[in-house]
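I opened this notebook to record which charged side chains pair up and how the nonpolar residues gather. The entries follow the order in which I looked things up.

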Amino acid sequence: MLLLMMSLALVPSSLAWQEVSSDEYLTLSAAEKNEIIFANMIEDTTSADWFSLLEMPGLFFESMCPTLRAPGDEMPYEEGLFGGGTRNKYIHTVGTVGQVEWRDLGEHSYTGIFEGAGQGIVRFSLAKEPSSSSRATAPGMGLKFLRDGMDSANLVAMYSVDGQDSWNFFLNDFTNHIGPGGLELVPLEIKFSEATNYISEVALRDWAQNGEDGSQVAAPEFPFMLRFKPTGEFMFSDDYVRPFTEDLTSIPQGSTLYEVWAMDQPTELGGTEKHIADLVLVSEMMTSMWGDKHLAFRHQDMAEDVEIRPEWEEYLDKFGIEGPSGCPMKRMMQKGRLGDN
């Protein structure tokens, strides 16, 4: 009996993680959901392992539809070729997480979360495993703001899917209109185009439709594009010095991570850009096993914005055989979603 009790005490800490995707979870307040997510994040502050080259082809056997369609804040459980389990995060596998606030600067017409929100989660990561002997890195960000009684508002942003020639995570601006990748990424682009032709952008309409308190906005207003501009408060070496996660976890609580600039419409239509908010870190930045393996960020389909702003369509990058965005109904009804950041 004593041995049994001792073995139970050594049960992996993952059993303490609480789910964050059920209908019951979604009905909670934004603050309650943030508390659950934060508890999950701090349960194990080690990083996940990168996937090997032999494991990476598994990406091509997963449906891309949950990336854009499914609710909740965690990676889904789904059936695979060799049985079921938590969906793998083949891209942006390792990163850091923290709590953030969207501090609105006012003097703009955007609604919902754009008017300010305090219950946010950010994840910084690299799209693929870097080499300490090379400057090639591909930094990116997943960002979500939790809302009372409903699903969160999500986006992902990068400088470029092709990456940059520097280990400085804050060298370049991030945007939710990332642009197409090089030839070596065509297989991935084909895979993502199973779910949408707008593989280079994520939509912002959902951010504008409800505020943090869940209240619905009668006339939502949202920008064409966001640009996240580093403030210069912290910069890192272009050359490899230490793991990028150690750079990121050195960022002090209270730091302004980015100025948020919004472009109201495409430049071809006379669009102008305005500094509308600051993204502020309100917790420590940390590594997290749950953040690496379970935390997910929905990629809102840009088709949702085009539905309301059809004049934007010709100024967007599209890929693949054009057709209605979306997925077969049976896939839409799957529980959960893929989060790549």
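Entry 1. I began with a definition: a residue counts as buried under 20% relative accessible area, as exposed over 50%, and as partly exposed in between. I also noted that the model is predicted.

Entry 2. I applied this scale to glutamate 273. Its relative accessible area is 31%, so glutamate 273 is partly exposed. Which residue does glutamate 273 form a salt bridge with? I found arginine 227, with the closest N and O atoms 2.8 Å apart. Glutamate 273 belongs to strand β12 (residues 273–281) and arginine 227 to strand β10, so this pair ties together parts that lie 46 residues apart in sequence.

Entry 3. I then looked up aspartate 173, whose side chain also meets that of arginine 227 in a salt bridge, at 2.6 Å from N to O. Aspartate 173 sits in the loop between β8 (164–165) and β9 (174–175), while arginine 227 is in strand β10 (residues 225–230); the pair therefore ties together parts 54 residues apart in sequence. With 29% relative accessibility, aspartate 173 counts as partly exposed. I recorded Asp173, Arg227 and Glu273 as linked in a network of salt bridges.

Entry 4. How many salt bridges does the structure hold? I noted 11. One of them joins the side chains of arginine 123 and aspartate 292, at 2.7 Å from N to O. Because arginine 123 lies in strand β4 (residues 117–126) and aspartate 292 in helix α8 (residues 289–293), the pair ties together parts 169 residues apart in sequence. Are these two partners buried or exposed? Arginine 123 has 0% relative accessibility and counts as buried. Aspartate 292, at 2%, counts as buried as well.

Entry 5. I turned to lysine 144, which is found in strand β6 (residues 139–147). Lysine 144 has a relative accessible area of 0%, so this residue is buried. I found that its side chain is joined to that of asparagine 154 by a polar contact of 2.6 Å.

Entry 6. Finally, I examined the nonpolar residues. The largest nonpolar core has 68 residues, and those touching the most other members are Trp102, Phe114, Phe124, Leu143, Leu226, Phe228 and Tyr258. Leaving aside residues up to four places away in sequence, I listed the contacts of phenylalanine 114, among them Trp102, His108, Leu204, Trp207, Glu221, Leu226 and Ile276. I also recorded a second, separate core of five residues, including Ile91, Ala127, Ala138 and Met158.

Terms used: Residues numbered from 1 in each chain as written. Predicted model: local features only at pLDDT ≥ 70, side-chain atom pairs only at ≥ 80, totals over all residues. Heavy atoms only, no water. Salt bridge = Lys/Arg side-chain N within 4 Å of Asp/Glu carboxyl O. Helix = DSSP H or I, 4+ residues; strand = E, 2+ residues; numbered from the N terminus. Buried < 20%, exposed > 50% of the residue type's maximum accessible area, 1.4 Å probe, protein only. Polar contact = N/O pair within 3.5 Å; in protein donor to acceptor, adjacent residues only side chain to side chain. Core = buried A, V, L, I, M, F, W, Y, C linked by side-chain atoms within 4.5 Å. Contact = heavy atoms within 4.5 Å.
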